[in-house]
Amino acid sequence: MQSRMQNPAMVLSGAMQPIQELIKAAHSGGVDGQTLELVHLRVSQINGCSACVDGGARTARKAGVNDERLATVAAWREAPYFSEEERAALALAEAATRLADRPEAVGDEVWDAAATYFDEKQLAAIVLMIGVTNLFNRLNATTRQIAGAWG
């Protein structure tokens, strides 16, 4: 497989730095780093972005996510390795990524479950991570970025 072009955020000067600042901001919101990395990985799995799944698994491992959790994040509802807080964040990540799959994009039940565990600043961090991940997934999948080629 060959990429179609370099990642667009690298092609257009001034694009990558603001994206990195958004990621930095998400990590400053008071959410456990492992939770944010699991959210990133799950969103990337849903979107079929091999570069982000590969990179996300590596970053999650560096953040301390163990192999059982990495291997089962796609089936987090059935796996015993996730806390209730992580489950709420993963449900929010799935709903916010699959906006068109239901009449109400992010239902109150999903939002309220997340709001049970996370305050407004933490919710902002999770939603921001979901949004930035979706952005990167779309850039990478569209241009066929190669898993493992980033570093």
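Let us start with helix 6, where 11 of the 14 residues are buried, so this helix is largely enclosed by the rest of the structure. Keep in mind as you look around that this is a predicted model. The buried residues of helix 6 are Glu86, Arg87, Ala88, Ala89, Leu90, Ala91, Leu92, Ala93, Glu94, Ala95 and Thr97. What do these buried residues pack against? Their partners are helix 3, helix 5 (67-72), helix 7 (108-117) and helix 8.

Helix 6 covers residues 84-97 and helix 8 covers residues 120-142; they pack at an angle of about 45°, with their axes 10 Å apart. That angle makes helix 6 oblique to helix 8. The crossing of these two helices is right-handed. On the helix 6 side, the residues that meet helix 8 are Ala89, Leu92, Ala93, Ala96 and Thr97, and on the helix 8 side they are Leu123, Ile126, Val127, Ile130, Asn134 and Arg138. Sorted by class, the residues of this contact comprise 8 nonpolar, 2 polar and 1 charged.

Helix 8 also has helix 3 as a packing partner. Here the angle is about 35° and the axes are 9 Å apart. How is the crossing of helix 3 and helix 8 handed, left or right? It is right-handed. Helix 3 brings Leu36, Val39, His40, Val43, Ser44 and Asn47 to the contact, while helix 8 brings Ala125, Ile126, Met129, Ile130, Thr133, Asn134, Asn137 and Arg138. The contact of helix 3 with helix 8 has 7 nonpolar, 6 polar and 1 charged residues.

Stay with helix 3 for a moment and pick out two of its residues. The first stop is Thr35, which is found in helix 3 (residues 33-47). Why does Thr35 count as buried? Its relative accessible area is 7%, and buried means under 20%. Leaving aside neighbours within four places in sequence, Thr35 is in contact with Glu86, Ala89 and Phe118. Find Glu86 and Ala89 in the list of buried residues of helix 6, and you will see both of them there.

The next stop is Arg42, also placed in helix 3. Arg42 counts as buried, at 9% relative accessibility. Not counting residues up to four places away in sequence, Arg42 touches Val73, Ala74, Trp76, Leu90, Glu94 and Arg98. Leu90 and Glu94 are again among the buried residues of helix 6.

The axes of helix 3 and helix 4 come within 9 Å and cross at roughly 165°. That makes helix 3 roughly antiparallel to helix 4, since angles over 145 degrees count that way. This crossing is left-handed. Glu37, His40, Leu41, Ser44 and Gln45 of helix 3 make the contact with Cys52, Val53, Gly56, Ala57, Thr59 and Ala60 of helix 4. By class, these residues divide into 5 nonpolar, 5 polar and 1 charged.

Helix 4 itself runs over residues 50-62, and its 13 residues should span 18 Å at 1.5 Å a residue; the end C-alpha atoms are 18 Å apart, which agrees. Which residues of helix 4 are buried? They are Ala51, Cys52, Gly55, Gly56, Ala57 and Ala60, and these buried residues pack against helix 3, helix 5 and helix 8. After helix 4 comes Gly64, whose phi is positive, near 105°.

Our last stop is Ala9, which has its place in helix 1 (residues 8-11). Ala9 counts as buried, with 5% relative accessibility. Ala9 and Leu139 are 130 residues apart in sequence, yet their C-alpha atoms are 7.9 Å apart in space. Not counting residues up to four places away in sequence, Ala9 touches Ala15, Met16, Ile19 and Leu139.

Terms used
Residues numbered from 1 in each chain as written. Predicted model: local features only at pLDDT ≥ 70, side-chain atom pairs only at ≥ 80, totals over all residues. Heavy atoms only, no water. Helix = DSSP H or I, 4+ residues; strand = E, 2+ residues; numbered from the N terminus. Buried < 20%, exposed > 50% of the residue type's maximum accessible area, 1.4 Å probe, protein only. Contact = heavy atoms within 4.5 Å. Axes fitted to C-alpha atoms, helices over the stretch in contact; angles between N-to-C directions. Parallel < 35°, antiparallel > 145°, perpendicular 65-115°, else oblique. Left-handed = near helix turned anticlockwise from the far one by under 90°. Nonpolar A, V, L, I, M, F, W, Y, C, P; charged D, E, K, R; others polar. Expected span 1.5 Å × (residues − 1).
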